[in-house]
Amino acid sequence: MTDTALAPAPDTADTVTARFRLEGMTCASCVLRAERVLTAQPGVERAVVNLSTETADVAFHAPATPAAMAAALAKAGYPAREVTVVLGVEGMTCAACTGRVERVLKAQPGVKDAVANLALRRATVTLFEGGASPDALAAVVTKAGYAASPLEEAKPHDPAEEVRRLARETAVAGVLTLPVFVVEMGGHLVPSFHHWLMGVVPTLWLWVAQFVLVTLVLAGPGRRFFAKGIPALLRGSPDMNSLVAVGTGAAWAYSTVVTFAPALVPAPSRAVYFEAAAVIVVLILLGRTLEARARGRAGAAIARLVGMQPKVARLEDGSEVPVASLMPGMRVVVRPGERVAVDGVVVSGRSAVDESMLTGEPVPVAKGAGDGVTGGTVNGTGALVVEVRQVGAATVLARIVAMVEEAQGTKLPVQALVDRVTLWFVPVVMGIAVLAAVGWLLAGQGVPAALVAGVSVLIIACPCAMGLATPVSILVGTGRAAELGVLFRKGEALQRLAEVRVVGFDKTGTLTVGKPVVTDTVGAEVMAEAAAVEAGSEHPLAGAVLAEAAARGVAVPVAEGFEAVPGYGARAVVGGQVVAVGSQRMFASVPAEMAAAAERLAGEGKGLLFVGDGVAARGLIAVADPVKPSAGAALSALRDLGLRVAMVTGDNAVTAGAIARRLGMDDVQAGVLPEGKGDAVRAMGDAVAFVGDGINDAPALAAAEVGLAMGTGTDVAIEAGDVVLMTGDPLGVADAVRISRATMRNIRQNLVWAFGYNAALIPVAAGLLVPFGGPQLSPMLAAGAMGLSSVFVLSNALRLKAVKGVRG
């Protein structure tokens, strides 16, 4: 990994060195292979790998890059260790700002990638271990004009306070601007008012008064545009603030010259535009206020999740302690109606707990001794004593928040187009403004017309909408998904899931409950005898028989002399008689009626247990892993979305076929070993999603375009998945697809608006339509349009909060 710096090596002025910290090296042959891989990269001059320190020191020049070398090492089986740093960044207002932050970060030692998020006000940096420190990264971003600090040190952002501050500044600017607006625009709207005013107050006095008021507007509420925009312009990386600063500054400067040095301006051109500068500031501040309010609503879902975690917990002795001080093994009391403080296990008490914040299911879940509870859920009418199991970042709620925030902070592939455009957008707009002004001057229309055209172009251009188009939709979409019990662990999964055409399912634990139950019995009094024998068995079906006997209230006699018969079943002495339980081949005689029933039940994919004396069977028990109640509705919902559904399972063909016929599956692959599931998924094509819950599903989840893991499954499966379904309900798959499609549709709408708005209105603002009898926008109308552009994008994204799940 890149060491603390990429320093010039003594070889040549263009050579730099990098240090990678490697994983997976075990012997001298590993060292040689890693060195060969590195020296084979174009631009690498030498590479020295050290087994004892697990490092690789490389001297290289262009076209080699640390990222390319790390990719080559990873492909060879020696990945470079990476770390992720998240910075809180204030002051980003448009796509040009995020682009600037990303470029600054990517230029730092050891940085592999950097993504700045305008909606979250964060920058996520992936760098090789040993690269730039978090403080160093924050320092370079701050130097670039955006106050930054490591997220854990950053002051929590308060959306409500931001709205109040912007509203306050808007109100002050509005009060100062109102007299100027009335004087100028009132005269245009009501000529008699203009004549009366000119007869009472000399024009120069009016202009001086406007100068004072507008200067206060620009120096007070409008100062933010100059404080950020002018330095950015001088650094050669202008942003939206630069456009506003140059536009309002030009209008103010020209008007000031006309007011105090009129001799410098030809008589026909002596007009002031103070009202334009002031109204622009008011409208843009108003737009930012509305934008901040909408952005706060966009992030409300994650804020609600965070707010569900209680701050204090009550111990058994009645004392209250901060939740942060709890340790595993401690016990807390949860009174009726209170939120559960932490993840744990019920030690005593009974109640029903509302887990809708996790699962979306409105029906409370019964809890008793031995049952797990999750922090943030709401206790019902009973009191519970809970033993703490997980605290801090290890709790389910904390992991959910972390997953959602990680997804919200990522950049989708569709964002690449926006990045390419915004890199040049502001400089191009400034060039168009200059050309528009020069064009009007060359056309003989005078300085006022040229000034109006130039300022209008600068003000109407809106890189803000382009910067918000993608991240704000991701923010709302992933938040809504979390409310429906769907967690996108990776933001890219939002885009990829919207494009899938096939959804493959594992069977056991995904489409079925994952726990065998007795479905049918043939013969009298077989349950008691079977349960007596199976009480000594470890076979998976034995538990189903014992559970059914308990549910029926059957008195189970004591069995003696238990003996397992491998490949057949088991036998024991019950009530003085030998009782055998097992497969049909364990019995020499099976009644014809029972054999027919067995054939029918086997055709339905059910497991069969015959009960008898070891020679003749006198009873039959059918056991099956029942299909989840919502599985049929889930597959039907997916087909309604135009998707093909398939099953890839390790179970036998008969059982898999029976389940598939019941659910109407399009394709079934049975008897697939875990290592073969990945190949089976790849064979389905490119646009494939796979849903699973077990360790054996991890290869398939990783091989699929999008892996969806049941949150009720193993940690291995969850880690391999791109999306986690918290409830383990197959309907969550359809919810995930609907959310992803709605989010991508919303992003496309935002991008069409953001690009279409600029493409359509910048020429109008420049006055290209005037020669053809068309309109030309005034700077004030341009400011209003620009402010509403961002508000439109945010409001459109907020519509995702209304996306319904399959359940309604």
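Predicted model: local features only at pLDDT ≥ 70, side-chain atom pairs only at ≥ 80, totals over all residues.
1. Helices α8 and α9. Helix α8 covers residues 223-234 and helix α9 covers residues 240-260; their axes come within 7 Å and cross at roughly 105°. An angle of 65 to 115 degrees counts as roughly perpendicular, and α8 and α9 are therefore roughly perpendicular to each other. On the α8 side, the residues in contact are F225, F226, K228, G229, I230, A232 and L233, and they meet M240, N241, S242, V244, A245, V246, T248 and G249 of α9. Sorted by class, this contact between α8 and α9 holds nine nonpolar, five polar and one charged residues.

2. Helices α15 and α28. How do the axes of helix α15 and helix α28 cross? The angle is roughly 5°, and the axes of α15 (residues 446-460) and α28 (residues 779-798) come within 8 Å. Angles under 35 degrees count as roughly parallel, so α15 is roughly parallel to α28. The residues of α15 that take part are V452, V455, S456, I459 and I460, which meet P779, A782, A783, A785 and M786 in α28. By class, the contact of α15 with α28 has nine nonpolar residues, one polar residue and no charged residues.

3. Helix α3. This helix has twelve residues, 95-106, and its first and last C-alpha atoms are 16 Å apart, close to the 16 Å expected at 1.5 Å a residue. Because ten of its twelve residues are buried, α3 is largely enclosed by the rest of the structure. The buried residues of α3 are A95, A96, C97, T98, G99, R100, V101, E102, V104 and L105.

4. Helix α23. In this helix, residues 653-663, the buried residues are T655, A656, G657, A658, I659, A660 and L663. What do the buried residues of α23 pack against? Their partners are α21 (592-603), α22 (631-640), β25 (644-648) and β26 (667-669). After α23 comes G664, which has a positive phi near 75°.

5. Residue E54. This residue lies in the loop between β2 (44-50) and β3 (55-60). Leaving aside residues up to four places away in sequence, E54 touches F20, R21, L22, M25 and R81. With R81 there is also a polar contact between the two side chains, at 2.7 Å. For a view across the chain, the C-alpha atoms of E54 and V573 are separated by 63 Å, and these residues are 519 apart along the chain.

6. Residue T177. Helix α5 (residues 159-189) contains T177. The residue is buried, with a relative accessible area of 4%. Which backbone oxygen does the side chain of T177 reach? It is the backbone oxygen of A173, at 2.7 Å. Not counting residues up to four places away in sequence, T177 touches V217, A278, V279 and V282.

7. Residue T478. Helix α17 (residues 471-483) is where T478 is found. T478 is buried, with a relative accessible area of 2%. A polar atom of the T478 side chain lies 3.4 Å from the backbone oxygen of L475.

Conventions. Residues numbered from 1 in each chain as written. Heavy atoms only, no water. Axes fitted to C-alpha atoms, helices over the stretch in contact; angles between N-to-C directions. Helix = DSSP H or I, 4+ residues; strand = E, 2+ residues; numbered from the N terminus. Parallel < 35°, antiparallel > 145°, perpendicular 65-115°, else oblique. Contact = heavy atoms within 4.5 Å. Nonpolar A, V, L, I, M, F, W, Y, C, P; charged D, E, K, R; others polar. Expected span 1.5 Å × (residues − 1). Buried < 20%, exposed > 50% of the residue type's maximum accessible area, 1.4 Å probe, protein only. Polar contact = N/O pair within 3.5 Å; in protein donor to acceptor, adjacent residues only side chain to side chain.
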